[in-house]
Each structure stands twice: as C-alpha cells, then as structure tokens.
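Please consult the sequence and structure shown here while reading.

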Amino acid sequence: MFFYGSASKKHNPKYSPLPLHFTTFKSRLILYNIILGIESSCDETGVAIYDRQYAIKYRKCRSSTLQSQTTTHAQYGGVVPELASRDHLLHLQKLLKLCLKKASLKLTDISAFAYTRGPGLVGALLTGASYTRALAYSLGRPCVGIHHMEGHLLSPMIENPTIRPPFLGLLVSGGHTLLIEVQALGRYHIIGQSLDDAVGEAFDKSAKCLGLGYPGGYPLSQLAQQGNNKAYAFSRPMTTKAGKALSPQNRFNFSFSGLKTEVKNCYQKELLTTKNDLEKEKIKANIAASFESTVAETIHIKIQNTLNFLNRRDNHPKIRRLLVAGGVAANRTLRLSLNRLSEQNKLELYIPAPHLCTDNGDMIAYVGWLRLNNKLDAGNTMNTQASTVLPRWSLEDIGTLR
Ligand code: KG4
Ligand code: ZN
C-alpha cells in the first residue's frame, strides 16, 4: 500500500459531478482514474493522460504530447523567460486536442487535472497553471499542483508501478543535481546537491565552449562517442580523489562550475597548437569524452559515499533501490556507470526511457494520480486560497504545504 509521508488533511470530495471511473488499487477505492497532466515549468510544453488501468497493462501513459521550445531559445544561447510563457500559450490548446485524440477520449472523460506548480519560471508556470485550473473549473473536476522535481523523481514508477520506498533518488537536470533519500512517498530528504552549476548546466556550458550550440548535452554526448575519454584528466569536483579533504556534508554535495572552465581552458590551449580542421574535431571529441566520463565518475563517487553513509546507520531500512531521472539521465555514459555501481552494490536500478528523462507531461499526470488517490494534494486541490504557482519550492517542503 502507498504511504505518503505526513498525509493528514482530509481530501474534500465536493466536486460534482464525480467521474464514474472507480476501480480499486490494493483494495482501496481509486476515485480518479484518468488524469490529464500539464507541464510548463521551463521550455517544454507537455500534455499527457495517465489512465491507471492502461498504465498497469502497458507501463506508460495512455497518450503523451510534447512541444519543445529549443529552436525558439537556441539563438539566445539559453531560455528567454518571456518567450517561454508565450510559446506555452501558443501550443497548449493544440497539444490538449492532440493528446485527447491519441487517447480516443473526450475532455469530459478526464477524472481530474494536474499541472506543474513549481519550481520553474514564474510566467511559464502561470501559463500552464491558469490553463489547467480553468479546464478543471469548467468541468467541476479536481485540479492538483505538482512539484516538478517530484515528477522527475517518481517518473521511473510509470514504467515500474511496483517500486516502493525506501530508495535513493538521483535527479540530474538542467537546473538541479540532487541526491534524495526517500523513506516514504512525499517525504523527501535531500542528502546532497550542487553548490553551483547543475550537471545539465555543466553539459550545456561545456558544449557552448566547444561551439556545439544550445542545449548542448545531447550533441556533446554524441561527439563524445567518437573521442578518447582518457585523453584529458579533468579534476573530479569535490571528491576525495581531487586531493582535498572534504567537510562531512560536502562528501555528498556537487560542484560543477569549475569543470566548464577546465574544458574551456583546455580547448583554447589545444587550439593554439593546431590549425587543421580534422585535428580540431578530434580534439573536441576527446575533450567531450573526457568531460563526460569525469561527470559520470564524479556522480558515481558521490552515490557510493551516500550509500555507504545511509546503509551504515542503525535502525534504518537499507537502501536497495536507485531511481535516476532528469534530462542528463538520458546520457549513455552515465547510464553505463550507474549500471556498474548498481551491480557492485547489489542495487535495483531504475532509469526511465529517454523521453521520460527530459521534461514531459507524463510525470505530472502520474504524480497527480498518486497524490489525488492518496489524499495528499500539495495544498491546492480546487483551493483558491493556495498560491497557484511556486517558482521556488523545495522538495523537502512538499508535504508541509497546505
Ligand atoms: O530535465 P530537463 O529536460 O529539464 C530541466 O528540468 O532542466 O533537463 C535538460 C538538461 C539540459 O541541460 C540538457 O543539455 C541535458 O538535460 N541533456 C543531456 C542529454 N540529454 C539532455 N545531457 C547529457 N547527455 C544527454 N544525452
Ligand atoms: Zn525538469
């Protein structure tokens, strides 16, 4: 049975009419079976429908649509917030229609709605939140605001619905690098995080130094496949192997901002010695491969430190599962390194399919389903008093917001 930490407030089932999609989940009544989720926290508009019965059978959402804004922002080398809000507005209606069509459903078939409440860009969040809440209000359905990082964290459960805590979560995205201990769903303890650049940011900035455009994570990883990962010895930031003594909490924290400077300096130095284009491409590939394996090794060391610490405590259940999500979880080298780590530690490893690693509506619809059917609603199911969006919102505060 699901246990959501600090679930206390009674859900208020005053919505009318209630959709007639009742089923039971482990002998409990499921009130909201078909959830439409909307993601709009940054530069991807995602609309998806999570249908519990369909998901149990096929291990995926009943339908999923996504509009990426990368071409809109690429010319600026990063996300332009005002353009992001406008783009969400432009595409939401089209994606909603397409999503319903793909699922062969009507809007009135939807039991409840979910949207990304935070963290993210305020204008982008407001666009998705207003749109979703208006839809829910017009149909008299519940609407729940979801924490974007909880969406990422629990996204492996879409494909593996039997996963249960305790587990360790690794979130590696463009804005976050987090190691999270999960003893119960909804109760999240951040063990380690980046003190400066997130790992995705390090990929993007290093790719920019190598002239690979934005967002650079994927092109850098493609280039790295042609390179030699031992060509350059970049330092592994904030690991004991970097030759420095670390404070106890920094054994689990990350720092990636120095790495892009190393990449930049290395590339500029190498360019001084060659004018040959083919040679330059070789150098770039070698730098990309060396950077990528440095990142993977650093993350490997940090997870090992965390597991050693967590599993050495008395009176705590041992961590035997590792869930990985966020855009950088799509990285092949990182996935291979995490596979090795899991074998060494006899861990069950769960990494979602690449389309579930980057931002998507599926994870929002899924966590909406979890929260609504577990009577924990992040404080704003049809509650007009609750703030609609929270651009800054810690994952640790999620259960306490009412
Ligand atoms: O989770 P996400 O889609 O958005 C945020 O919430 O940030 O993550 C986007 C990040 C970007 O920094 C992007 O460059 C990186 O994920 N990324 C990758 C790969 N695919 C996306 N980084 C490394 N290797 C990849 N294959
Ligand atoms: Zn994200």
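**Asp197 and its surroundings**

In this predicted model, the side chains of Asp197 and Lys205 form a polar contact at 3.2 Å. The Asp197 side chain also makes a polar contact with the side chain of Lys260, at 3.2 Å.

*Position and burial*

- Asp197 lies in the loop that runs between strand E10 (187-193) and helix H7 (199-209).
- The relative accessible area of Asp197 is 7%, and the residue therefore counts as buried, the cut-off being under 20%.

*Contacts*

- Leaving aside residues up to four places away in sequence, Asp197 touches Lys205, Phe256, Ser257 and Lys260.
- Two of these residues, Lys205 and Lys260, are the polar partners named above.

**Ligand 1 and its shell**

- An N or O atom in the side chain of His148 is 3.5 Å from an oxygen atom of ligand 1.
- For the side chain of His152, the corresponding distance from a ligand 1 oxygen atom to an N or O atom is 3.4 Å.
- A polar backbone atom of Gly327 is 3.0 Å from an oxygen atom of ligand 1.

*Cover and composition*

- On its own, ligand 1 has 550 Å² of accessible area, of which the protein covers 87%.
- Helix H5 (148-154), H7 and helix H8 (217-224) are the elements that each give two or more residues to the shell.
- There are 20 residues around ligand 1, and Gly174, Asp204, Gly217, Gly327 and Asn331 come nearest.
- The shell comprises six nonpolar, twelve polar and two charged residues.

Note on methods
Residues numbered from 1 in each chain as written. Chains lettered and ligands numbered in written order. Predicted model: local features only at pLDDT ≥ 70, side-chain atom pairs only at ≥ 80, totals over all residues. Heavy atoms only, no water. Helix = DSSP H or I, 4+ residues; strand = E, 2+ residues; numbered from the N terminus. Buried < 20%, exposed > 50% of the residue type's maximum accessible area, 1.4 Å probe, protein only. Polar contact = N/O pair within 3.5 Å; in protein donor to acceptor, adjacent residues only side chain to side chain. Contact = heavy atoms within 4.5 Å. Near = heavy atom within 4 Å. Areas by Shrake-Rupley, 256 points an atom, 1.4 Å probe, with all protein chains shown as cover. Nonpolar A, V, L, I, M, F, W, Y, C, P; charged D, E, K, R; others polar.
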